[in-house]
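Here is a short report for a reader who is new to this structure. Have the sequence and the model at hand.

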Amino acid sequence: MPLICFASPKGGVGKTTLAANVADALQRRGRRVLAIDFDAQNALRLHFALPITDTSGFMSQLPQRPDWRTLVRRTSSGVFLLPHGATDVRGALNLAQALDREPELLAAPMREILADPNLVVIADTPPGASHALSILAPMSNMVCAVLLADATSAALVPEISNGSFLGGGTIANLMAGRLRVILNGIEPKSRLSRAVSEMLTRHLGPRLLGAICREEMMAEAVAAQRFLLDVAPGSQAALDLQETTTAIEAALGAAPELFAARGAM
Amino acid sequence: MANEPDVARVAAAFNAPGLRYRSFGNMPVRTDAPRREASSQSPEVVLRELRSTSAAVRLAEGEASLPPRASAAMDVEGDTVTFPASGFTPAPVAPAPAPPPPAMAPLHVAPTFPVQPAVAAAPPSAPIPPPSFFPPAPVTAAPLPMPAPTLDAGLAVPLPLVAPAGPAVPEFTLLNSIQAALESPPVAARPTPEGTLARLRQQVASPAGAVQSADPAVTFPLGEAIRSMAGASPSPAPPNDTFGAAPRSSSPF
């Protein structure tokens, strides 16, 4: 049932990497997790070791109203995955027009997916405002805005605070309460990174859900198409990831049914 | 337009049917030419057409009046090469030495990623994988017994498996695509007892405690940091000012 959206007004901040690793961490804790890729980059599948030649997916076929059940993949990590699917410019424009014309095209299958009370759904959304995010945000239990510890991310704090990138008016005001921030790529030895981190910590207060230290092993884990908790479970970033996952679980409130065995369904 | 034969040869050499001409009011000599096949645009064919066209032009010169110019003559013509109604004789051109080049390379080319030779040397007894662009990775883990997965018992739709439950390592990794092998994995930084977020909150809550830490906390606002980077403060000028000075001094603006 819980839907956690990973979003950001800025691109290249590590949304997809964090979404994949948080999904993996939740799955290791016995949760049944479905990760859905709403980003046309179609990169989430690579984190889950899908072949690069596998280009089918859910969102790219959404105008044709596909049955999402037939497109769900069971990855080797145990996390279920709905890839976005490869698309081109025309496909992306058609998808945007279709969602603009008929939001129910996405809302209806999402309601079906979220009807499972024991399923944690992780949504990786494209950077900035998007049709997908505007449809998903009212359904979500939490929107995790990912920011980097740099100046340009800090400049976007007003948009984070008022939730304007989630929508406008009442929706933005409603969603601002569900918005949490994860600060990614903190470089403790960088003067500016420390300054931005401290400023955001002071400004966001309890809305700062997690802080992930910059770790070379994170990038190498992505390159190896593995998860950080597999490659470097004792690293600082792995510890930060575990704490962030714990904070997400705590914020979700009542824990859904746990599954004892990893990968068992 | 004295170089039409040259232009036609270039067009033929590049096999580019998209080259078009405007007639600029001249009588279209050849307006109903069928769309040529790509293979018919060899230099020999073009030269043959040029010779026949020049003969037609000479015939047209003998006529007393010209037909009224159609307004459509100003439109962009298709593949038809229109020559002015002036007597011209194509210059002798040496025959083309080579057959026409093949058509342009296809735009969609299957990506070819180099593979490591170690992967290609698979044991012959291994099961033949399905036709795949990438070689399979060796099986490193035994398959885990997994029941048929379903997202919802009510729906009871079996979910497809990404990989046939054996290999825990993907058959293709991004590292393979960049031919990078981690000879010695880098040593991950030793984590501190508390996480990064807890350390940040501790620094913000008590600056005095931060001073005692190994990494001194930055206590000035972000705006000052950005102004310092932009050179607004009397701090030492960044090195790129050296490069920025010259254009400013010599710019007419």
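## A covered strand and its sheet

Strand β2 of chain A is mostly covered: six of its six residues are buried. Buried means under 20% relative accessible area, exposed means over 50%, and partly exposed lies in between, with a 1.4 Å probe and protein chains only. Strands (E, at least two residues) and helices (H or I, at least four) are DSSP runs, numbered from the N terminus.

This is a predicted model, in which local features need pLDDT of at least 70, side-chain atom pairs count only at pLDDT 80 or more, and totals for chains, interfaces and linings use all residues. Residues are numbered from 1 along each chain as its sequence is written, chains are lettered from A and ligands numbered from 1 in the order in which they are written, and side-chain values use heavy atoms, with hydrogens and water left out.

Which residues point each way from β2(A)? A:Arg32, A:Leu34 and A:Ile36 point one way. A:Val33, A:Ala35 and A:Asp37 point the other way.

β2(A) belongs to an open sheet of eight strands. The order is β3-β4-β2-β5-β1-β6-β7-β8 (chain A), with mixed pairing. The edge strands are β3 (73–74) and β8 (208–213) of chain A, and each pairs on one side only. Two strands pair if DSSP finds at least two bridges between them.

| Strand pair | Bridges | Residues opposite each other |
|---|---|---|
| β2(A) and β5(A) | six | A:Leu34 and A:Val121 |
| β1(A) and β5(A) | four | A:Cys5 and A:Ala123 |

Helix α1(A) packs on this sheet. The helix touches β1, β2, β5, β6, β7 and β8 of chain A. Its direction makes about 170° with that of β5(A). Axes are lines fitted to C-alpha atoms, for helices over the stretch in contact, and angles run from 0 to 180 degrees between N-to-C directions.

A:Asn21 is found in α1(A), residues 15–28. Is A:Asn21 buried or exposed? A:Asn21 is buried, at 2% relative accessibility. Beyond its neighbours within four places in sequence, A:Asn21 is in contact (heavy atoms within 4.5 Å) with A:Met218, A:Phe227, A:Leu228 and A:Leu241.

## Cores

A nonpolar core is a set of buried Ala, Val, Leu, Ile, Met, Phe, Trp, Tyr and Cys residues joined through side-chain atoms within 4.5 Å. The largest one has 52 residues. A:Phe38, A:Leu106, A:Met110 and A:Ile113 have the most contacts inside it. Helix α4(A), residues 104–114, gives the largest share, six residues. A second, separate core has 36 residues, including A:Ala19, A:Val33, A:Ile122 and A:Leu229.

A:Phe38 has contacts beyond four places in sequence, among them A:Met59, A:His84, A:Leu106 and A:Met110.

## Another helix, and chain B

Helix α9(A), residues 191–204, has 14 residues. It reaches 20 Å from its first C-alpha to its last, close to the 20 Å expected at 1.5 Å a residue. That expected span is 1.5 Å times one less than the number of residues. Its buried residues include A:Ser193, A:Arg194 and A:Leu200. A:Gly205 follows α9(A), with a positive phi near 60°.

B:Leu197 lies in helix α5(B), residues 196–205. B:Leu197 is buried, with a relative accessible area of 9%. Leaving out residues up to four places away in sequence, B:Leu197 touches A:Leu208, A:Leu209, A:Gly210 and A:Ala211.

## Chain A overall

Chain A has 12 helices and eight strands. Buried residues make up 59% of its 265 residues.
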